[in-house]
Amino acid sequence: LPVHEEVNMDLAMAAIHDDDRERVMAAIERALHPDSGGYYEIEYRIATPPATVRAKGQAYFDANGTAYRFSGIVQDITAQKKSEEALT
C-alpha cells in the first residue's frame, strides 16, 4: 500500500488475508458507530507479502453522530509475532 498517501477502503480490504477480512470489517463497522467512541484496534494478516499487522484508528463524528473521518496507522508486527511463537 502507498506509504504517504490516503488509502481507500477497497484497496485496504483487498490487502487483508481472506480468513481475517470479515473480522476486520466488523471491527471497522463497530468503530464507525457513534456509541463505540470511534476507537479501533485489531491485529490481522496481510495476504501479500505475508505479514501480521496491528491497526489502530479513530473515527470522528459530527453533531449528528455521522462519521466524517476515520484515520489511523498500521504497524508491521510480523517479527514480534514470530518471536512470541518461538517462545511457546
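Reply: Two strands are said to pair if DSSP finds at least two bridges between them; strands (E, at least two residues) and helices (H or I, at least four) are DSSP runs, numbered from the N terminus. The model is predicted, so local features need pLDDT of at least 70 and side-chain atom pairs pLDDT 80 or more, while totals for chains, interfaces and linings use all residues. Residues are numbered from 1 along each chain as its sequence is written, and side-chain values use heavy atoms, without hydrogens or water.

Three strands form an open sheet in the order β1-β2-β3, with antiparallel pairing. β1 and β3 are at the edges with a single partner strand each, so one side of each lacks a neighbour in the sheet. From one strand to the next, the twist averages 25°. Eight bridges join β1 and β2 in the antiparallel sense; I46 has A51 of β2 as its bridge partner.

Helix α2 packs on this sheet and touches β1, β2 and β3 (contact: heavy atoms within 4.5 Å). The direction of α2 makes about 170° with that of β1 (N-to-C directions of lines fitted to C-alpha atoms, for helices over the stretch in contact, on a scale from 0 to 180 degrees). Helix α3 (residues 78–87) also packs on the sheet, touching β1, β2 and β3, and its direction makes about 125° with that of β2.

In α2, D20, V24, A27, I28 and A31 are buried (under 20% relative accessible area, 1.4 Å probe, protein chains only). On the other side of α2, D18, E22, E29 and R30 are exposed (over 50%). Y44 is in contact with residues including D20, V24 and A51.

Definitions and conventions
Lists of a residue's contacts leave out its neighbours within four places in sequence.
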